[in-house]
Amino acid sequence: MLKKTLIIAAAAGLFATTVAAQTNLFKPEDGVKYRQSIYRVMGAQTKVMGAMVKGEIDFDAEALHQRALNLGNVSGLLGETYFPETRGARGSNLLPKAWNDMDGFRAKGQNFGTALQELIEVSGQPGFDSAKARPVVAKVMQSCKSCHDEYRK
Ligand code: HEC
């Protein structure tokens, strides 16, 4: 239950507007660096998951589940890095299109949240193995790529 709440918060957190007072502390360029750091932490999680389902490293159900939880925890912080002053900030690879098509961008975030929620649930069940992991991990990865293809330089 707690896990579920967490992921819904992660998906909904994209473009949260209630954190304005706290994000005022960040210069736009620093907000972008913060955002990119979060994405890198996310990339590290999916790298390990990907290696497991491809058989490059030993499959470990518990470790994969933990990686999925890590993704949920860090992605929940993304929303506060998307404050308006970061629009067009130096070093950002976010396409301006995202700001003009916020519904579309948010939908990509929600697809990711849904795929991740499924992964968290499935990976926490007994009997979770490589064959079960493959399609759900692929879905998460696909949700990353589909947002990048459309909204990232
Ligand atoms: C809703 C859209 C969206 C989703 C979903 C998404 N990303 Fe991204 N990602 C972006 C955007 C936009 C940037 C560029 C941010 C910037 O430079 O301001 C980015 C940047 C990155 C970067 C580069 C960070 C850097 O150092 O510049 C990595 C790595 C990354 N994402 C990994 C992932 C992974 C892994 C997932 C899925 C688990 C994912 N992303 C899901 C939109 C998304």
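**Note on helix packing and the ligand shell**

1. Start with handedness: α3 passes α4 in a left-handed crossing. The residues of this contact divide into 9 nonpolar, 3 polar and 1 charged. This is a predicted model, so the points below describe computed geometry.

2. The geometry of that pair is as follows. Helix α3 spans residues 28-53 and helix α4 spans residues 61-75. Their axes lie 9 Å apart, at an angle of about 160 degrees. Angles over 145 degrees count as roughly antiparallel, and α3 and α4 are therefore roughly antiparallel to each other.

3. Which residues of α3 meet α4? From α3 come Ile38, Val41, Met42, Gln45, Val48, Met49 and Met52. Facing them in α4 are Leu64, Arg67, Asn70, Leu71, Val74 and Ser75.

4. Next, α3 against α7. The two axes come within 9 Å and cross at roughly 140 degrees. α3 and α7 are therefore oblique to each other. Here too the handedness is set: α3 passes α7 in a left-handed crossing. On the α3 side, the contact uses Thr46, Met49, Gly50, Met52 and Val53. On the α7 side, it uses Ser130, Ala133, Arg134, Val137, Val140, Met141 and Cys144. By class, the residues of this contact are 8 nonpolar, 3 polar and 1 charged.

5. Met49 and Met52 deserve a look. Both are listed in the contact of α3 with α4, and both are listed in the contact of α3 with α7.

6. Now the ligand. There are 23 residues around it, and Tyr39, Gly43, Ser92, Cys144 and Cys147 come nearest. Two or more residues each come from α3, α6 (102-123) and α7 (130-151). Which element gives the largest share of the shell? It is α3, with 8 residues. The shell divides into 11 nonpolar, 8 polar and 4 charged residues.

7. Cys144 links two of these points. It is among the residues nearest the ligand, and it also belongs to the α7 side of the contact with α3.

8. Finally, confidence. The protein averages a pLDDT of 89, and 86% of the residues score at least 70. Among its elements, α7 has the highest mean pLDDT, 98. Helix α1 (residues 2-12) has the lowest, 48. Where pLDDT is low, the predicted coordinates should not be read in detail.

Notes:
Residues are numbered from 1 along each chain as its sequence is written. This is a predicted model: local features need pLDDT of at least 70, side-chain atom pairs count only at pLDDT 80 or more; totals for chains, interfaces and linings use all residues. Axes are lines fitted to C-alpha atoms, for helices over the stretch in contact, and angles run from 0 to 180 degrees between N-to-C directions. Helices (H or I, at least four residues) and strands (E, at least two) are DSSP runs, numbered from the N terminus. Angles under 35 degrees count as roughly parallel, over 145 as roughly antiparallel, 65 to 115 as roughly perpendicular and the rest as oblique. A crossing is left-handed if the near helix is turned anticlockwise from the far one by less than a right angle, and right-handed if clockwise. Two residues are in contact if their C-beta atoms, placed from the backbone, lie within 7 Å. Ala, Val, Leu, Ile, Met, Phe, Trp, Tyr, Cys and Pro count as nonpolar, Asp, Glu, Lys and Arg as charged, and the others, Gly among them, as polar. A residue is near a molecule or strand if its C-beta atom, placed from the backbone, lies within 6 Å of it. pLDDT is the predictor's confidence in each residue, from 0 to 100.
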